[in-house]
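This note sets out, point by point, how the parts of the structure shown below are arranged. Please keep the sequence and the structure in view while reading.

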Amino acid sequence: METVALEVNGVRREAQVEPRTLLVELIRDHLGLTGTKVGCDTSQCGACTIHLDGKAVKSCTVLAVQADGSSVTTIEGLTHNGALHPIQEAFWAKHGLQCGFCTPGMIMTAAELLASGGTPTDEEIRHAIEGNLCRCTGYENIVRAIREAATQTAGVS
Amino acid sequence: MTTETTEAPTTQLIGKPIKRVEDPRLITGAAKYLDDLKLTGMAHVAILRSLYAHARIGAIRTDAAAAHPGVIAVFTGKDFEHLNPLPCAWQAAGTENFVATPRALEIDRVTFTGAGVAAVVAETQAAAEDALGLIEVDWEPLPVVTDPEAAVAEGAPQIHEAAASNVVMDWTCGDKEATERALAEADVVVEQRLVNQRLIPTPIETRGAAAQYEPSTGEYTVWMTSQAPHVMRLLMTAFVFGISETKMRCIAPQVGGGFGSKIYLYPEYVLMAALAEKVGRPVKWIETRRENYVATTHGRDHVTYLRVGAKKDGTITALDADTYANLGGVLSTIAPGIPTTLYGRMLSGAYRIPAIHCRVRGVYTNTGMVDAYRGAGRPEATYAVERAADLVARKLGLDPVEVRRRNFIPADAFPYDPGLLNGLKYDTGDYEKTLSRALEIVGYDDFRAKQEQARKEGRYLGIGLSSYVEMCGVAPSAWAGGEGWGAGLWESANVRVHLTGKVVVTTGSQSHGQGHETTMAQVVASELGVPLEDVTVEHSDTQGTPFGYGTYGSRSAAVGTVAVHTSVQRIKEKARRLAAHMLETSVDDIVYENGRAYARGAPDTGKTIQEIAGAAALGYDLPEGDEPFLDDTAYYDPPNCTFPFGTHVAIVEVDAETGEVTLERYVAVDDVGTVINPLVVDGQVHGGIAQGVAQALWEGAAYDEDGQLLTSSLMEYAIPKAQFFPPLEVDRTVTPTDVNPLGVKGAGETGTIAATPAVVNAVVDALAPLGIQHIDMPLTAERVWRAIEEAKA
């Protein structure tokens, strides 16, 4: 067993894990943050996307021990004091989700894109989410949601 | 269509793009799906699956696995011999069905790779999976056949003893004699072999189940990724376990998409309930993606020999389809119904075709189970009919638009009997309207000019149409029963107005992304005149909801929501009686409007629904003969199916050097009747289009000759990514159905049904200068390139 200490959603957490434990397993099974999803076993679907030290990564491709000393943000950490993140608001307003299973990962990927600033083109948006698979929406309203959020956050900054 | 959302509810909410009420829990990660469930003392299960497509199961040695650290117990099929095989609940009518279905774990023989043969229960998922590798099975491989045409050929390996030539059923509809005569008399006959390839539904959430058993009462609780929890309970208790239905509670937690694949009873659901009892602890199993690909149902997989007769002017006079439907190694819950009722009976499409005949042979092969996948039979029918329209146009040198117009069922011909529906009729329609609108949006004539110019420059642009009609809200129950469906197809709802005026709706329907909690609430809020936030919709738990058949076949608006609507009408009637009593006037004088009941002509003196609900719940002073409380349960069995329609248009460019197809534009004009929430309907249409386009261009399950699934992960099975699509241009016309009082038809599958032939027609149109008249799907660069090379040779 290895000890992993990291900051998750602004809170210091520690867990004892087998060396083979994936970061997504640490987040879901050890820390009980089940908003992050697992949709495949080959790192294709992106449902497990979280932010690791500010970068969107698929938490099924990172070992828990590799995240030792890191800062992790999950979907649960995107809301601040009960207020939705602009990207969450936009997904809601634009009907950017149906079954909701890809949504946490999709939102985390989109949040990283927004954090980089600017107003991405539709093509850039579609490229940015190519590592996240959605089977319900045909991506149409996801792209609209990200465009909407980008426009709004660009207006703010 | 760009729809802006509405924040502030008004009294009339039907037709308003209300933001979904279920979304806050989904966008914050708070929603609990199956794998998020943690039960006290819960053990984890992993399943050993057959690596052979056809084999006898010899001895199974489990000692080493059982001794592995963390393992609680290991089980094989013999441990569950007392449980019946799973039922096949829909068998094709009018013909014998030779039924072989799976067991919780197979005992003697497996007939496809991925069939479960042993299960490990362990303290952790990792320990369970580790121990799988320690189980030894003496396999005796048997000859394999994966292709449906090869399976019925003489000398093919026999998969199930009872099914001679591997035929599950041999079903026909239409008029064979008239069709042959019309074909013989036709000016032209086009013939085409069409492969509607096997697809893998691929919801992003895989399947799973958890169960606990309470020995003191003999009660099971089973959580499952299901589109139909009530049906699951019925099938598991009455058919598999042979116990009272009241001894099991089935719950579908938040479900991450299904597309049909989560309708059915699967071996693992039975297994979890049985294991929870055996080990005396709650257990959970969640599918890996590979398991999802090998062990969850697939869709489509037809080979069709199509013959179409026409007059010189493009009038279609006959259509004959001889179809082989691959149903896999064993039958899933409703497998035989899909390529029969939902396929053969829809082969008239949007057209007046005087003579139609269809023969379907359902075939066993050593492949995974095939059952309904989004659209279920109707995409296959629409593909055949819409390819037929283009083949006729090509043969006669006519514009595909002209051929469609010439054959459309005219708007004044409804209700229309295509002669195939075993007594049902198309309800309402105006096919020309959606076609004209789609052509207008796409700029059809301009495109043809542009295409002509591009051809001169050596570029291959193409346009493809699909003018579909489909069948939603499949019912009435008696009709479905006559089609071999082994149950009813009504839906139920209970509406209660509590003392505080808050409304609780329970439905037997199930939502796994469709947004029932919003759309049903919109109907209730509108009809009752209460704020949307005062209405709560509960579903997906057999405890606390009335029986329902579940969500599939675009039936939740056209059947489930109509049950809700029926309940609300009766609540309003009772509210009027109570108001009359409270206002000391005759009920005939009471008007119910915008949440208030008042005496006609005196709107200021009425009672609000909240006041009436309070009085009803207190029960101090009720009219003679009325019981306390505003509460009503409705069971709605529609008198007919509904028949949405529309025209989709795809524009593609084909790179003749590489064969690569680029989807340049996609225009959809659907008519799904009255729209409850345009945001939700547009979303359904978008998603459907994506899946339909994906069948045309990218997706296809592939088995090798040994029955190994080559596309068994997201690395090989090409579900589309965001950058594969242009913006989808979606519009609609509104032709309400007269089947139900809401006028709704259903919108969940239109996109999938329409998109596939539109895209294939576009690619074939692009390659018309090369003389190419058909390419089988998926139209990958390689396939298209080969077709181009062949045509050039």
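**Notes on the predicted model**

1. In chain B, 13 residues of domain 1 are in contact with 13 residues of domain 3; two residues are in contact if their C-beta atoms, placed from the backbone, lie within 7 Å. On the side of domain 1 of chain B that touches domain 3 of chain B, helix 6 (229–241) and strand 11 (248–251) of chain B each supply at least two residues. The largest share, 4 residues, comes from helix 6 of chain B. By class, this side of domain 1 of chain B has 8 nonpolar, 2 polar and 3 charged residues. Here Ala, Val, Leu, Ile, Met, Phe, Trp, Tyr, Cys and Pro count as nonpolar, Asp, Glu, Lys and Arg as charged, and the others, Gly among them, as polar.

2. The model is predicted: local features need pLDDT of at least 70, side-chain atom pairs count only at pLDDT 80 or more, and totals for chains, interfaces and linings use all residues. Residues are numbered from 1 along each chain as its sequence is written, while chains are lettered from A and ligands numbered from 1 in the order in which they are written.

3. Chain B is divided into domain 1 (34–142 + 206–255 + 262–295), domain 2 (391–474 + 640–792) and domain 3 (490–636), with bounds from an automatic or database domain assignment. The centres of domain 1 and domain 3 of chain B, taken over C-alpha atoms, are separated by 40 Å.

4. Helices (H or I, at least four residues) and strands (E, at least two) are DSSP runs, numbered from the N terminus, and two strands pair if DSSP finds at least two bridges between them.

5. Another open sheet of chain B has 5 strands in the order 7-15-14-13-8, and its pairing is mixed. Why do strand 7 (167–174) and strand 8 (188–199) of chain B each have one side without a neighbour in the sheet? Both stand at the edges with a single partner strand, so one side of each is left without a neighbour. Strand 14 (residues 316–328) and strand 15 (residues 355–364) of chain B pair in the parallel sense over 10 bridges.

6. In chain A, strand 1 (residues 2–8) and strand 2 (residues 11–17) run antiparallel, joined by 7 bridges. Strand 1 and strand 2 of chain A form a hairpin with 2 residues between them, and N9(A) in the turn has a positive phi of about 50°.

7. The contact between the chains takes 44 residues from chain A and 43 residues from chain B.
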